[in-house]
Amino acid sequence: MLLDTPLCDFGWPAPNFSLPALDGTLHDFNGVAGPKGTLIMFVCNHCPYVKAIEDRIARDARELAALGIGVAAICSNDAGTYREDGPEGLRGQATRAGWEFPYLIDESQAVAKAYEAVCTPDFFGFDAKGGLQYRGRLDASTGRPGAADLPRELFEAMRAVADTGHGPKMQTPSMGCSIKWKAA
């Protein structure tokens with residue numbers, strides 16, 4: 001099911017978390033936070049919307065890290081139903097895409113619920129104090145990669161956060177596959 005993210009609730013405080021990465025090490029929000037801000041993204045291995053931008057996520061994460069933005073990805077999908085989103089599939093994705101940031105597993109789905117994540121990809125850009133400044137898309141790509149010269153909306157928004165502490169007032173929601181919630 002295709003979903004759009006809600007509009008940015010400027011200043012909304014980042015919920016803390018403690019989640020294992022693919023290598024088993026635990027990470028929390030403060031541990032992944034950068035001195036100028038933090039990008040938390042909800043992604044997965046099987047979603048065509050994520051697959052279409054994997055290389056752009058890698059590029060933007062590297063460039064944002066150089067600006068003082070901490071980056072982490074979280075997979076909250078039900079890996080029991082969506083096997084591709086289990087640890088083995090996520091390791092393959094991180095390798096294939098060249099992701100150098102922590103890729104965390106939210107097996108209980110509590111973190112996705114705390115963040116009110118709705119789809120993959122769902123991007124949350126926080127300022128240095130942990131206040132939300134961006135809840136938009138990476139660029140205008142859809143289930144297929146867009147043109148190479150598309151405006152880099154996420155990167156430019158987070159660069160503004162690094163420089164000024166504020167995200168852009170105009171943001172286009174991200175869209176993608178719904179989070180695959182476990183049956184109640």
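**Close-up views of the predicted model**

**View 1. Aromatic pairing between Tyr-115 and Phe-126.** In this predicted model, a total of 13 aromatic pairs is found. One of them joins Tyr-115 and Phe-126 in an edge-to-face arrangement, with 6.1 Å centre to centre and 80 degrees between the planes. Because Tyr-115 belongs to helix α5 (residues 110-115) and Phe-126 to strand β8 (residues 122-126), the pair ties together parts that are 11 residues apart in sequence. Both Tyr-115 and Phe-126 are buried.

**View 2. The aromatic cluster that includes Tyr-115 and Phe-126.** Along with these two residues, Trp-12, Phe-17, Phe-29, Phe-42 and Phe-124 belong to one aromatic cluster.

**View 3. Charged side chains over aromatic rings.** The charged end of Arg-152 is placed over the ring of Phe-155, at 4.2 Å from its centre, while Lys-169 lies over the face of Phe-10, with 4.5 Å to the ring centre.

**View 4. The open sheet of 5 strands.** The strands follow the order β6-β5-β4-β8-β9, and their pairing is mixed. At the edges are β6 (103-105) and β9 (132-134), each of which pairs on one side only; on average, neighbouring strands of this sheet are turned by 30 degrees against each other, direction ignored. Strands β4 (residues 37-42) and β5 (residues 69-75) run parallel and are joined by 6 bridges, and Gly-37 stands opposite Ile-69 of β5.

**View 5. Helices lying across strands of the sheet.** Helix α3 (residues 54-66) lies across β4, β5 and β8, and runs at about 145 degrees to β5, whereas helix α4 (residues 87-97) lies across β5 and β6, and runs at about 170 degrees to β6.

Terms used
Residues numbered from 1 in each chain as written. Predicted model: local features only at pLDDT ≥ 70, side-chain atom pairs only at ≥ 80, totals over all residues. Heavy atoms only, no water. Phe/Tyr/Trp six-rings, centres within 6.5 Å; stacked < 30°, edge-to-face > 60°. Helix = DSSP H or I, 4+ residues; strand = E, 2+ residues; numbered from the N terminus. Buried < 20%, exposed > 50% of the residue type's maximum accessible area, 1.4 Å probe, protein only. Lys NZ or Arg CZ within 6 Å of the ring centre and 35° of its normal. Pairing = 2+ DSSP bridges. Axes fitted to C-alpha atoms, helices over the stretch in contact; angles between N-to-C directions. Contact = heavy atoms within 4.5 Å.
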